[in-house]
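Subject: Structure handover

Dear colleague,

Here is the structure for you to look over. My notes on it follow below.

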Amino acid sequence: METPQYFQTFPDFAFERTQSGVLTLRLHSAGEPALLSSRLHRDFPRVLRQIADDRANKVLVLTGTGDHFMTGMDLTEDRQALKPLNWDEIFLPRAIELAEALAARPSLLPRLTPLALRQRLARRLEEGTTLSLALEGLSMADKPYQN
């Protein structure tokens, strides 16, 4: 199986693909646990687009490096990129391109996809909320009451 060019294009992402098409995408910062940086933030949608366009990928496993995930930031590259006034540079091109791609699809796809996603998300929230609240309450059961 030929190694795609994007496997070497993005410095904060390591790729490994099995013969059956399971792609593992591992985020890192110079081989260490990933730090949020403007480059990683800018490249992430580009990486996902390359992965989606590669028909050899069947399943994506997203993981990190080490025992923690993005617990810090690296702003040495470009402090301005993460400021809200500059977010359009990150989102607007990756958003317009996606919108154009969706507009080119059959008209039912953009109408029904959000519906399907909302239904699934609502069901998962409903299923998990009761248990989550119960577990949160139990975790505080042995704590002294503070007024």
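Helices here are DSSP runs of H or I with at least four residues, numbered from the N terminus. Being four residues apart in helix H2, Asp-53 and Arg-49 are therefore separated by about one helical turn. The two form a salt bridge, with 3.5 Å between the closest N and O atoms. Arg-49 counts as partly exposed because its relative accessibility is 29%. Please keep in mind throughout that this is a predicted model.

Sheet and helix

Three strands make up an open sheet with mixed pairing, in the order E1-E2-E4. Its edge strands are E1 (13-17) and E4, each of which pairs on one side only. On average, neighbouring strands of the sheet are turned by 20° against each other, direction ignored. Helix H2 (residues 38-53) packs on this sheet and touches E1, E2 and E4. The direction of H2 makes about 20° with that of E1.

Within the sheet, E1 and E2 are paired in the antiparallel sense over five bridges. Phe-15 has Leu-25 in E2 as its bridge partner.

Salt bridges

The whole structure contains four salt bridges.

Arg-39 and Asp-12 form one of them, the closest N and O atoms being 2.8 Å apart. Arg-39 belongs to helix H2 and Asp-12 to the loop between helix H1 (6-9) and E1, so this pair ties together parts that are 27 residues apart in sequence. Asp-12 is buried, at a relative accessible area of 3%, whereas Arg-39 is partly exposed at 29% relative accessibility.

The side chains of Asp-54 and Arg-17 also meet in a salt bridge, at 2.8 Å from N to O. Asp-54 sits in the loop between H2 and E4 and Arg-17 in strand E1, so here the parts tied together are 37 residues apart in sequence. Both Asp-54 and Arg-17 are buried.

Around Asp-12

Asp-12 also turns up among the contacts of two serines. Ser-29 is in the loop between strand E2 (22-27) and strand E3 (36-37). With neighbours within four places in sequence left aside, Ser-29 is in contact with Asp-12, Ala-34 and Leu-35. Ser-29 counts as buried because its relative accessibility, 16%, is under the 20% cut-off.

Ser-37 lies in strand E3. Not counting residues up to four places away in sequence, Ser-37 touches Asp-12 and Asp-74. Ser-37 is buried as well, at 7% relative accessibility. The C-alpha atoms of Ser-37 and Met-73 are separated by 5.9 Å, although these residues are 36 apart along the chain.

Surface

Which residues make the nonpolar surface patch of about 230 Å²? The patch is made by Leu-48, Leu-60 and Leu-62. Leu-62 belongs to strand E4 (residues 59-63). With a relative accessible area of 46%, Leu-62 falls between the cut-offs of 20% and 50% and is therefore partly exposed.

Regards

Definitions and conventions. Residues numbered from 1 in each chain as written. Predicted model: local features only at pLDDT ≥ 70, side-chain atom pairs only at ≥ 80, totals over all residues. Heavy atoms only, no water. Patch = residues over 30% accessible without salt bridge, like charges linked within 9 Å, V, L, I, M, F, W, Y side chains within 5 Å. Areas by Shrake-Rupley, 256 points an atom, 1.4 Å probe, with all protein chains shown as cover. Buried < 20%, exposed > 50% of the residue type's maximum accessible area, 1.4 Å probe, protein only. Contact = heavy atoms within 4.5 Å. Pairing = 2+ DSSP bridges. Axes fitted to C-alpha atoms, helices over the stretch in contact; angles between N-to-C directions.
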